[in-house]
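Good morning, and thank you for coming. Please look at the sequence and the structure as they come up.

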Amino acid sequence: MPIRSLLYVPVSSERFVAKAHERGADAIILDLEDAVAPAQKAAARAALGAAVTSAGQRGATIFVRINAEADLIPHDAEAACRAGAFGLFVPKVRNARALHALAGFLDGIEHLAERAPMRLVPMIEDPGALLDARSIAAATPRNYAMTTGGEDIATSLGAEPTPEVLHVPKLLVHYAAKAAGVLSLGLLRTVADYNDLAAMEKSAREARMFGFDGASCVHPSVVPILNRAFSPTAEELDHARRLIAESERAKASGQGAFAFEGKMVDEPVVQRARALLERA
């Protein structure tokens, strides 16, 4: 199933966790990192078992965002693995070696737990990692998607997280994800300004136009916006079906390129139409 929307939920908030399954998000990211105060991190980690079960009770895919500190990574990763989370959002990944080490650690835990391998979503959040994004994206078969931490990368650049500043970094990570054949998640702006729903909707449609597969959000009000924006419309589906039918007729008559509704159509256009239907 495509993942259009991913909602961050702090594990330290019982109230938010209890309602997470009602929000309509395709995936929930149970957060142990920025949304959890340092004094609450151990308790939040201990609560993962119940949180994964609760948040996933209506079928949402469950990820856990672990902490970036070396002394917390193994504890967070093991707790998420044993709790049954589908995968990990891995913050502040700086190189492929970090993912190799995490994958090797998970191998042993998964063997003991007799569970399927966890998937990883590296988060690119500094300029060095941005320049190495392609090697990070291809670091391990566990990689499921790539994303950019807008606020963090702006801070590391000494910049403000405006759409103009984030446009190029987010596209570079997007290209790396597509080159590696993994999902690309994100908007070409920060997700922190969630109150401007009109801007969020415009940005989500822009991201889909660029080929992003879905995006995360920090407030449930954005979930339906992402679900709409990253879903094909009835008109798009109808157009794709008719284009493919015309393609089959053209192929049967020995044509290559053909005209359809006033435009020239060749194989890449047909492939996009097929991909749209597969996604739907």
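**Pockets, a cavity and salt bridges**

I begin with the lining of the second largest pocket, whose residues divide into 15 nonpolar, eight polar and 10 charged. In this count, Ala, Val, Leu, Ile, Met, Phe, Trp, Tyr, Cys and Pro are nonpolar, Asp, Glu, Lys and Arg are charged, and the others, Gly among them, are polar. The model is a predicted one, in which local features need pLDDT of at least 70 and side-chain atom pairs count only at pLDDT 80 or more, while totals for chains, interfaces and linings use all residues. Residues are numbered from 1 along each chain as its sequence is written, and side-chain values use heavy atoms, with hydrogens and water left out.

The second largest pocket holds about 570 Å³ of space. Its lining has 33 residues, and Y8, D31, R65, V191 and V218 are the closest to the centre. Two or more lining residues come from each of β1 (5-10), α1 (14-19), β6 (145-148), α8 (150-157) and β8 (215-217). The largest share, four residues, is that of β1.

A word on terms. The search runs on a 1 Å grid over the protein atoms alone: a pocket is an open set of points with protein on both sides within 12 Å along at least five of seven lines, a cavity is a set of points where a 1.4 Å probe fits but cannot get out, and lining residues have an atom within 4 Å of a point. Grid points are joined across faces, edges and corners, and a volume is the space filled by probe spheres set on the points. Helices (H or I, at least four residues) and strands (E, at least two) are DSSP runs, numbered from the N terminus.

Let us turn to the largest pocket. It has about 850 Å³ of space. Of its 27 lining residues, R208, E236, R272, A273 and L276 lie nearest the centre. The elements that supply two or more residues to this lining are α10 (197-210), α12 (234-252), β10 (263-265) and α13 (267-279). Which element gives the most to the lining of the largest pocket? It is α13, with eight residues. By residue class, this lining comprises 13 nonpolar, four polar and 10 charged residues.

The structure holds one cavity of 30 Å³ or more, and the volume of the largest cavity is about 40 Å³. Among the residues that line the largest cavity are M146, K170, H174, L185 and F212. At least two lining residues come from each of β6, α9 and β7 (183-185). The lining of the largest cavity divides into four nonpolar residues, five polar and one charged.

I come now to the charged pairs. Side chains of opposite charge can pair when their charged atoms come close. A salt bridge here is a side-chain nitrogen of Lys or Arg within 4 Å of a carboxyl oxygen of Asp or Glu. How many salt bridges does a search of the whole structure find? It finds 20.

Consider D31 and R65, whose side chains meet in a salt bridge at 2.7 Å, N to O. D31 lies in strand β2 and R65 in strand β3 (residues 61-65), so the pair ties together parts that are 34 residues apart in sequence. Are these residues buried or exposed? D31 is buried, with a relative accessible area of 2%, and R65 is buried at 8%. Buried means under 20% relative accessible area, exposed over 50%, and partly exposed in between (1.4 Å probe, protein chains only). Both D31 and R65 belong to a network of salt bridges that also links E33, K92 and D152.

A second pair joins R4 and D26, with the closest N and O atoms 2.8 Å apart. R4 lies in the segment before β1 and D26 in the loop between α1 and β2 (27-31), so this pair ties together parts that are 22 residues apart in sequence. D26 is buried, with a relative accessible area of 8%.

D193 counts as partly exposed at 39% relative accessibility, whereas R189 is buried at 10%.
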